[in-house]
Amino acid sequence: MQDERHTKQDEDVTVDRIVDRIGFGRYQVRLLVLCGAGWAADIMDIQALSFLIPKLKREWGASSAALGLAASFTFIGMLLGSLVWGVLSDRRGRKLSFTVGDAGAGGGADC
């Protein structure tokens, strides 16, 4: 009896086993959709840049270096945002950080 209990405690804990035990229901689907929507909203600025830069080069006659520098600020913003939101998530929790971040992204899109 002791050996059975010992081997059960030594069993590896994997994500698959946890998901099997908890289940994948309506809450998990809703969470997946919300996270996907947040990711899609976050990635849209990079997608927009890929369409805008060639048009701006033609319309404004801007150099590739100037437009490249302007595009670089997107990635600098991502770097700084990751640092700030990462620390905030570690200290205050990911739910709060994700909710505030998505609300800010949505509010920024309204401007």
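The lining of the second largest pocket comprises five nonpolar, one polar and four charged residues (Ala, Val, Leu, Ile, Met, Phe, Trp, Tyr, Cys and Pro count as nonpolar, Asp, Glu, Lys and Arg as charged, and the others, Gly among them, as polar). The structure is a predicted model, in which local features need pLDDT of at least 70 and side-chain atom pairs count only at pLDDT 80 or more, whereas totals for chains, interfaces and linings use all residues. Residues are numbered from 1 along each chain as its sequence is written, and side-chain values use heavy atoms, with hydrogens and water left out.

Tyr 27, Arg 30, Leu 31, Leu 34, Cys 35, Arg 94, Lys 95, Phe 98, Thr 99 and Asp 102 line this second largest pocket. H3 and H5 are the elements that give two or more residues to its lining (helices are DSSP runs of H or I, at least four residues, numbered from the N terminus).

In the largest pocket, 21 residues form the lining, and Asp 42, Trp 85, Phe 98, Gly 101 and Asp 102 lie nearest the centre. On a 1 Å grid over the protein atoms alone, a pocket is an open set of points where a 1.4 Å probe fits, with protein on both sides within 12 Å along at least five of seven lines; lining residues have an atom within 4 Å of a point. H3, H4 and helix H5 (94-110) each supply at least two lining residues of the largest pocket, and the largest share, nine residues, comes from H5. Eight nonpolar, nine polar and four charged residues make up this lining.

Helix H3 (residues 26-60) packs with helix H4 (residues 64-92) at an angle of about 165°, the axes being 10 Å apart. H3 and H4 are therefore roughly antiparallel (angles over 145 degrees). Contact, meaning heavy atoms within 4.5 Å, joins H3 residues including Asp 45, Leu 49 and Lys 57 to H4 residues including Ser 64, Ala 71 and Met 78.

Definitions and conventions: Axes are lines fitted to C-alpha atoms, for helices over the stretch in contact, and angles run from 0 to 180 degrees between N-to-C directions. Angles under 35 degrees count as roughly parallel, over 145 as roughly antiparallel, 65 to 115 as roughly perpendicular and the rest as oblique.
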